Amino acid sequence: MTATPAAASPPAATRNVKPLQIEDISVRFGGILALDSVSFTVAPGTIHALIGPNGAGKSTCFNAITRIYPLASGRILLGDNDLASVPGHRIASLGVGRAFQNLALVDSATVIDNVMLGRYSLTKGGFLSYAVRAPWTMKSERRHADRAAEICDFLGVGQHLHRPAGMLSYGDQKRVDIARALAVEPTILLLDEPAAGMNASETAEMSELIRDIRDELGISILLVEHDMGLVMGIADRVTVLDFGRRLADDVPAAVQKDPEVIRAYLGSDDDERQETP
Amino acid sequence: MSTFLQVIVNGLGQGAVFALLALGFVIIYKATETINFAHGSLVLIGGYVAFAVKPHLGWLVAALVGVLVAAIAGLLIERVLLAHSRNASPDSLAILTIGVDVIILTEVTRRLGTAAAPFLGDPYDNKAMQLLGLTVSRTYVVALVVAAILIGLFFLAFRYTSWGLEMRAQSENREASALMGIRSWRVTASAWAVGGALAGIAVLFLATNDIGGGSGLLSSHTVAFAAFPAAIIGGLTSPGGSVVGGLVVGLANAIAAQYVSLDFANVAVYLVMLVVLLARPAGLFGKVEQLRV
Amino acid sequence: MSETVAAPITARPAGARKTLLLKTIGALALGVVVFLLPLYLSSQYLLVLMWVFTGAVGAMGLTMLIGQAGQLSLAHSFFVLVGGVSYAVYASPGDKDTIGFGLPTLLALVLAVVTTGLVGALFAPISGRLRGIYLGVASLSLVFLGFWLANQLPSIAGSASSGRYAPSLKLPGFDFGEQNPSLYVLNVEIGSAERSFWLFAALTALAYVAGRGALSGRVGRGWRAVRDNEAMATVMGVSVVRQKATAFAVSSAYAGLAGVMVVWWYSGLMKPDEAVDFGTYGTTVAISYLAMCVIGGLGSLGGSILGAAIVFGLPQLLPLLNGSTSAGSLSGTAFTPVVITNLIFGALIVLIIMFEPRGFAGLGQRIVRLVRR
């Protein structure tokens, strides 16, 4: 039943994983500067965490990278491509996959239908070719569906393919969301609070999964996460934001000792403060 | 020149009636986030009841009864139907009001049958008067004065009474105001009642020869349609905008009718709306929704 | 894809083959029944069913737009008008009063559908910028615009008093408007009513099958994503503006086909309305189409056939069952078939939104689930 994940996905070498360079990006809402000249680089094949207190600009940063919010200034380079200079719907085809904090799944559609949405940029065909079920369109549809199913197996939701996504448990919906992001065949995967709302054992499973994704697919992962245990356990590098500015950018051990970071989190029980927004 | 001034007075008079309708529409939208497609039916039901009791009670009492019935009809739509469809999205509720509209429109039209066209403007309809050297229809002037008073009263209430405060709080943030103990059903229900009452007043001017044309009450449902573009032009979330929208619609209608053709007047209203929406997708004074992820 | 591939084909549900077989048998059986209907029903009942088919085709377009792509439109009757007028212009030869190209009717049909789709796409600058109710009211303006234009341009749309005529469909060797038929099936003369019925049924089936194909594929996924979350859709690679325009174009094309069917149903008469709120292409009809979609369940193609049966079928069927000859007995305050139907579908809309927002399609699913349990 299980195709091994390694066989199911193209080996890391065939995916040309490039660094993601965030260069001096600023985002402005009215008079408020939500992101103020933030820079950092996600090195190829690493897990890079973006942390900071509430309102620090983490989600804004994600939304800027995925072009949901317009940039006031700065560049977002994935290899040679400036993500800020292409239309928002083109970044998926440049290799950016994103999972959402609040599970932006189409609840009424099946799991496989949701994950197939990730193949949107990789497939062709408009209303007419699907309406007449053109043989080449159907053939490509089947091929991509099989690949989507493999990805679901890899994420452990392969047994739910034909159930409506909205009927799955919260944890499984999270996995479907990540499966959809991976269906884009990204070179960089953005995960927005993958462990939010999970208990300790689920969180441990999730960090295992994130590491598996990096190791099996060889892609870079940028994640926003409040669970410090998870972040410090799996991240290769951590960028800390506070009030829209970059506070620190280093390996986890160094960040944990950084006095500025400690001050930003007010030294104490920062996890609790984070979990009650 | 005097023709132009006459057109302006006519436009403002009509616009004042549309402003009453659009204002009610916006109040309802602010309180429930629901577009009330049955607004034309509130007009119709108030007008029908007023018409039915007029021979027995006289014009003034009949008019009051009509306004009251329209207010109660609005209240009932909210309390009986909307309040019991909690799981439906605002767009679904808007479609529900279309269903209500179909029922009321069908039933009132059936009751009116093919009898002579009913009119409601006894004290002012078909009576010309002199104003600053112009000959204008009295309906327009009365409508303008009545609307100005009512709209003024509304904004005073909206600004200075606790009802107005609750209303504003609720439309700012439904969840927060629920937490602060503002009983949201009271605000919602009263919004529908006020919207209904304003529709009941508007029909007293719509079901006339001067504004509604030859078929009186029968055409008031269609004429009241112009309240939608009026509210949209102003921006659905802005009571002040709805008044501006109403006047814009009234003027566009009157100017197009005078200088292009009567047939074009209806279209002109919608063309103005399209132009406004192209420039400002949330209307002139509407709040732009931030795209949420 | 051959069966010897080692990897499990997990993308298709177990028992898919059996389901497919059952579906094929069901479709064939339905086809036979529809084929035989004209042999047993009188032409007035056929006309009722044809009117239902017409409504169903239009409603399928609207239900895709609203239920799948999440865009509210109250302009459907306008696009029905555009379809009818386009067909009349393309297909009829024209005379001193009217413009006409006299093209072959099949070509004219295709062109009319394409034209209507393009007109729908032209609405993109507006539909792409507006959401929800703003779009609904903005689209309503098209109905008013269409009413006015049609009355201004009698050489194109026909005059509002007498209209213009368009020919029925003629395929090589088969004239759907045949007046002197020489074709018999089971001793029943296959005249224009029977032929048109088959044509309408076939077009409805075609519209359904095409819609199903598109909705279950990439296009439908893009639409659903746009409907549920535009930001998410963009991140997944869907161009929101383009898919909104596509949805509007497809929905309009369906309305265009329905428009041609309306003209055929009126024996080729294309006549603009005399009032914007009552008639064949006015605001009331726009709302009727919306009602069909809501009653059937927003987004459900099969449901729109049921919706059409109620909203378009009842007012035609009731007078036949009553025995009264026509809907002409509109005197006074009688409960005419139109009044009864309007009250029924108004109440249905209210009840459905209150208790079963997925319409009859949702009701069907519930029943299926009960039976399976």
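This is a predicted model: local features need pLDDT of at least 70, side-chain atom pairs count only at pLDDT 80 or more; totals for chains, interfaces and linings use all residues.
**Exercise 1. Helix H2 and helix H3 of chain B**

Task: Find the angle at which H2(B) and H3(B) pack, and say how the two helices run relative to each other.

Solution: 
1. Locate the helices. H2(B) covers residues 39-57, and H3(B) covers residues 59-81.
2. Take the geometry. The angle is about 150 degrees, and the axes are 7 Å apart.
3. Apply the cut-off. Angles over 145 degrees count as roughly antiparallel, so H2(B) and H3(B) are roughly antiparallel to each other.
4. The crossing of H2(B) past H3(B) is right-handed.
5. List the contacts. From H2(B) come B:Leu42, B:Ile45, B:Gly46, B:Gly47, B:Val49, B:Ala50, B:Val53, B:Lys54 and B:Leu57. Their partners in H3(B) include B:Trp59, B:Val61, B:Val65, B:Gly66, B:Val69 and B:Gly74.
6. Sort by class. This contact holds 15 nonpolar residues, four polar and one charged.

**Exercise 2. Helix H1 and helix H5 of chain B**

Task: Describe the packing of H1(B) and H5(B), including the handedness of the crossing.

Solution: 
1. Locate the helices. H1(B) spans residues 2-32, and H5(B) spans residues 138-160.
2. Take the geometry. Their axes lie 8 Å apart, at an angle of about 35 degrees.
3. H1(B) passes H5(B) in a left-handed crossing.
4. List the contacts. The H1(B) side includes B:Val9, B:Asn10, B:Gly13, B:Ala16, B:Leu20 and B:Leu23. Facing them in H5(B) are, among others, B:Thr139, B:Tyr140, B:Leu144, B:Ala147, B:Ile151 and B:Phe154.
5. Sort by class. There are 16 nonpolar residues, three polar and no charged.

**Exercise 3. The side of chain C that touches chain B**

Task: State how many residues are in contact, and which helix of chain C supplies the largest share.

Solution: 
1. Count both sides. Chain C brings 37 residues, which contact 38 residues of chain B.
2. Find the contributors. H5 (124-127), H6 (132-152), H10 (230-235), H12 (283-296) and H14 (337-355) of chain C each give at least two residues.
3. H6(C) supplies the largest share, 11 residues.
4. Sort by class. The chain C side has 26 nonpolar, eight polar and three charged residues.

**Exercise 4. Helix H9 of chain C**

Task: Decide whether H9(C) is mostly covered or exposed, and name what covers its buried residues.

Solution: 
1. Name buried residues. Among them are C:Arg218, C:Arg221, C:Arg224 and C:Arg227. C:Gly220, C:Gly222 and C:Trp223 are also buried.
2. Find the cover. Chain A takes part through helix H3 (111-117) and helix H4 (127-131). Chain C takes part through helix H2 (43-68), helix H8 (192-216), H10 and helix H11 (240-265).

**Exercise 5. C:Leu298 and its surroundings**

Task: Classify C:Leu298 as buried or exposed, and find its contacts beyond four places in sequence.

Solution: 
1. C:Leu298 lies in the loop between H12 and helix H13 (301-322) of chain C.
2. Count neighbours. There are 27 C-beta neighbours inside 10 Å, so C:Leu298 counts as buried.
3. List contacts. Beyond four places in sequence, C:Leu298 touches C:Thr63, C:Ile66, C:Gly67, C:Cys293 and C:Gly359.
4. Compare sequence with space. C:Met60 is 238 residues from C:Leu298 in sequence, but their C-alpha atoms are 9.7 Å apart.

**Exercise 6. Annotated spans**

Task: For residues 245-266 and 286-314 of chain C, give the helix content and the end-to-end C-alpha distance.

Solution: 
1. Check the record. An unreviewed UniProt entry lists both spans as "transmembrane region".
2. Take residues 245-266. The chain is 95% helix there, and the end C-alpha atoms are 31 Å apart.
3. Take residues 286-314. Helix makes up 86%, and the ends are 17 Å apart.

Notes
Residues are numbered from 1 along each chain as its sequence is written. Chains are lettered from A and ligands numbered from 1 in the order in which they are written. Axes are lines fitted to C-alpha atoms, for helices over the stretch in contact, and angles run from 0 to 180 degrees between N-to-C directions. Helices (H or I, at least four residues) and strands (E, at least two) are DSSP runs, numbered from the N terminus. Angles under 35 degrees count as roughly parallel, over 145 as roughly antiparallel, 65 to 115 as roughly perpendicular and the rest as oblique. A crossing is left-handed if the near helix is turned anticlockwise from the far one by less than a right angle, and right-handed if clockwise. Two residues are in contact if their C-beta atoms, placed from the backbone, lie within 7 Å. Ala, Val, Leu, Ile, Met, Phe, Trp, Tyr, Cys and Pro count as nonpolar, Asp, Glu, Lys and Arg as charged, and the others, Gly among them, as polar. A residue is buried if 20 or more other C-beta atoms lie within 10 Å of its own, exposed if 12 or fewer, and partly exposed in between; C-beta atoms are placed from the backbone. UniProt positions are given in the numbering used here, feature names are shortened, and annotations may be inferred rather than shown by experiment.
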